[in-house]
Amino acid sequence: MSEGLTYFLMSWTDPKLLLLTAAGTFAGIYIGAIPGLSVTMAASILISFTFSWDVNPALALIAGVYMGGVYGGSRSAILLNIPGAPAAIATALDGFPLAKRGEAGVAIGLTTVTSFFGGFVGIIALAVAAPAISEFALLFAPRDYLLLAMMGLLLVGSLSGESLAKGLYAGALGIALGMVGMDPMTAEGRFTFGTVQLMGGIPYVAAMIGFFGVSEALAQLHNLKVAPVKQNVSRILPSWSLLRRYMPLSLRSSAIGVVIGALPGTGGDIAALMAYDQAKRTVKNPSRPFGEGAYEGVVAPESANNAAVGGAYIPMLTLGIPGDAVTAVIIGALFIHGLKPGPMLMIETPHLFWFTVGNLTLANVFMLIFGLTGVRIFAKVVETPPGILIPLIMILSVVGTYAIQNSVVDVYWMLGFGIFGYFLRTYGFQVGPVVLGMILGPLMDTSYRRAMISAGDDPIAFALEFVTSPLSLVLTLAVTLLLLGQTPVWRGLKGRLTRQG
Amino acid sequence: MEETTRRRQPGETVFGYLLLLFGLFVATEGYRIDGLYSPSAAGMFPALAGGVMALSALAIIRRTHRMKPAHIPEGSGTAREFLRRTTPTDVAVMALLMLGYMLALEPFGFPVASFVFLFLAIFYLHRGSLLATLLISAGTLAAVYLVFRVLFTVVLPTGWLFR
Amino acid sequence: MITRRSLGGLAALPLLAGSRMAAAQEAYPTRDLLGLIQWGAGGATDVTARAVTPHVEQALGAKIVLQNRPGGSGAIAMTAVHTAPADGYTLLYAAENPLLYGVLNLSRIDLVNEFYAVNVLARGVPVIVVNADKPWRTLKDLVADMRANPGRIRMAGTGPGGQPHVVSSMLSSLGNIRHISIPFDGEGPGLTALQGGHADFMPAGSGAAAQHVRAGRLRALAVWNTEPLPSFPGVPPATADFPELARFMPWGSFYGVWVRRSVPEDRRAKLVAAFKAGASNPQFVELMQGNGNVVMNISGDEADNFLKRWQSVTTWTLQEAGAARTSPAELGIPRP
């Protein structure tokens, strides 16, 4: 244990590592906040950059970028309605309405503190229960991923805007858009119309920027004459009583984040969406209705996505299996530095585990510090005259989309989505389900087909598997209950039961 | 939750039918991927998504019909009202500006195209002084270029017209 | 189509040609190069590319900006390099996949004809691994079980043309073998599913499987080679059980760097020299061998011969397994 502590404190006591972690976290916040710059991309650039270094400083830098980056996405989501990273999509749903009410400062303060809390829960889970959680994560069969994706998709029901039909349309549209490109399982093109450019699919970050950022910017053009809302920045740090009130929600959301983050097929984006859905279902009296600036609507996703960071490290450190795209890059970095990521990593290089835990903790602390400084200046972004802000949002959307994979075609998609999203908004649709469908659609499609193939393409054997495996049974029951909870049948039944009681 | 009092927006009916057409298109294209030859076919989800789109578009159209029609003032038609309210000049101008910007991106290169776009857009929307617009555009562009090109080595289009 | 501009360019050509060529000879590279990686961040192609490039940069005296451009089984990146100017400033970091685009109808651009192999860096050796709880101890056991229970045993695959697909097709040439193939997103996810018991066996790259085998979470039945591998002590070659498999070998995925064939000869030579030096760096060699790869470091004709043989063996195997969408004969690929 004392040895573990020494390794844990390594990056706290070595000034060079301390500085690198700080620099990484600081940079990460901005990488996360700028749409199109992703932590995955930054981490792979850092691998070339830190090539000739020792492994520890390289890992310290990457851990900082990762922690900061996942948090940073909430900045632009709150201030501009452009989620800086997919993990911040759910944050935009209530964060941006908060900014429109003049509470950008409060929203940033609250997300920072809850991100810190979530990050901390993730790190504790990593430190205490890593082996158990990673064995649990291995139990998830393709059909269980299908059930998880279905659970996430139920969020469409609560994000549908005027009517369920509109939500369903938007969700299905998102699924269809997510299918575009080469089918990873058969190598056939789907909706590609014979072009190579479409083979790569439509990156959902382009859709995210278009549907959220550009369509909102276009909609804002209607209120050019309206003076921007004055931001109240007198109090940034949320009060203790407010924090205590959201502690249980934050803890629940963090637990979701850890598990979803640890699953090799899912990451912070899905964790945040599921946590948001969970909050919407369980919080009886939110500070405001969800979607109109509920504090709960930023607490839940932000706790979850930072908890997913620690979660993603769990299978990576214990089994050499990446929990998400960023940890996949980190595995590559370990390889290049001559380490052998895998189940033996913790046995052969035990210091690495505690070093990483210490490092993440340090990055989390820096995230809190950097996150809470300069909020007043950031909140003023919303006060910029719209005549200047809107062109800035547009140019940022263009260059951000281009940066995803250096493709002008993606930029066209982004603009197309922006204009289409503008009409959807005008006619009472919500754009959230489209992006939700794009993220979850491919996961559902591949998991369903994998499950069906492994059942020998036999629908009956396929259906039986949902009730014969204990894990699948639990998930199936959960999906069924959630689904019933949304339908009138259940409400009627519940009403009758309570009357009898 | 349900906002039944909203009036129909100009163009909403047409939009509903367009959504339906798009849904049917997705469904048939999805079916055509591989003719759904097995329960794990690649076309399963695309066809299903298209089906859901088409069905919900029908429900949307039905609701739109039940709404009170859009308020159309004397001497104006639906088409004109659509242009006035749904796509006012500002929206149309900005959308076209952006389209032009994207088309210019590759031939003229990122710096030139972005600068012209920023300058025109800010000048049109903000209507500030010429000098201020010039400074804001140049400053923003420099910052964006620094972050993306220099720090993150994103290779931005350099333009082939001026090579 | 002859436009006025291209006519003008033609007229100016004789005047400029001499000086331009001389200039090109002494000054290349004068700016950063762009390296497009066919696969996503963190994969084997990505790791290999990022491990060799810093050494190459030193030898070349210029920076190579690396970018992942995944999608379409790598066809997107290849098309992008193919449409970029043939000035030697755009490199393609690819794996074996482009050699199969023709038979899988993914792209009509042929890697061997249209691109010049700057360096085929290393090749991997497939290893047949199974979930540690399964009863099979040898490749023979597995094959016997597959014959006894046709269509029941589940292989973790990576999609058509992927390494598991090709290896299992080669294995099927033994006759009477039918199994389920579940396509996962890549080697890593496949190995993960294997450990969770959601698939039964997988032919995986030696690098990806080595650590899981060493930890006893997976069992290696055979290496897909005619000789044992040092990184898998005690694991017999597949030919020990089935000598007739030797005709396919050596076989495995490989990683390399290409430019368009029309890049000027002197520039190609500079690149070849730089990559040769980079791939000889002891640090890189150690990394590759540690992962169970075989360092090749070949270029030009030697690489072409390797690629042609590989393409012929693989495409005809796929054709015989009924997995080719366009016959290799139609594409002019000779039978092995």
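## A short tour of chains A, B and C

Start by selecting chain C: of its 336 residues, 55% count as buried. Keep in mind as you look around that this is a predicted model.

Stay with chain C and switch to a cartoon view. Its secondary structure comes to 12 helices and 11 strands. The radius of gyration of chain C is 22 Å, close to the 20 Å that the globule rule gives for 336 residues, so this chain is as compact as a globular protein of that length. Along the principal axes, the C-alpha atoms of chain C fill a box of roughly 75 × 45 × 30 Å. Among contacts in this chain between residues at least 6 apart in sequence, 73% join residues at least 24 apart.

Next, show chains A and B together. How many residues does each chain bring to their contact? Chain A gives 53 residues and chain B gives 55 residues. On the chain A side, select α9 (164–179), α18 (386–405), α19 (408–426) and α20 (432–454), the elements that give two or more residues to it. Of these, α18(A) gives the most, with 10 residues. Colour the chain A side by residue type and you will find 37 nonpolar, eight polar and eight charged residues.

For the last stop, go to helix α1 (residues 2–13) and helix α2 (residues 15–33) of chain A. Their axes come within 5 Å and cross at roughly 75°, so α1(A) and α2(A) are roughly perpendicular to each other. Now show some side chains: M10(A), S11(A) and W12(A) of α1(A) make the contact with L17(A), L18(A) and T21(A) of α2(A). These residues divide into four nonpolar, two polar and no charged.

Definitions and conventions: Residues are numbered from 1 along each chain as its sequence is written. Chains are lettered from A and ligands numbered from 1 in the order in which they are written. This is a predicted model: local features need pLDDT of at least 70, side-chain atom pairs count only at pLDDT 80 or more; totals for chains, interfaces and linings use all residues. Two residues are in contact if their C-beta atoms, placed from the backbone, lie within 7 Å. Helices (H or I, at least four residues) and strands (E, at least two) are DSSP runs, numbered from the N terminus. Ala, Val, Leu, Ile, Met, Phe, Trp, Tyr, Cys and Pro count as nonpolar, Asp, Glu, Lys and Arg as charged, and the others, Gly among them, as polar. Axes are lines fitted to C-alpha atoms, for helices over the stretch in contact, and angles run from 0 to 180 degrees between N-to-C directions. Angles under 35 degrees count as roughly parallel, over 145 as roughly antiparallel, 65 to 115 as roughly perpendicular and the rest as oblique. The radius of gyration is taken over C-alpha atoms; the globule rule is 2.2 Å times the number of residues to the power 0.38. A residue is buried if 20 or more other C-beta atoms lie within 10 Å of its own, exposed if 12 or fewer, and partly exposed in between; C-beta atoms are placed from the backbone.
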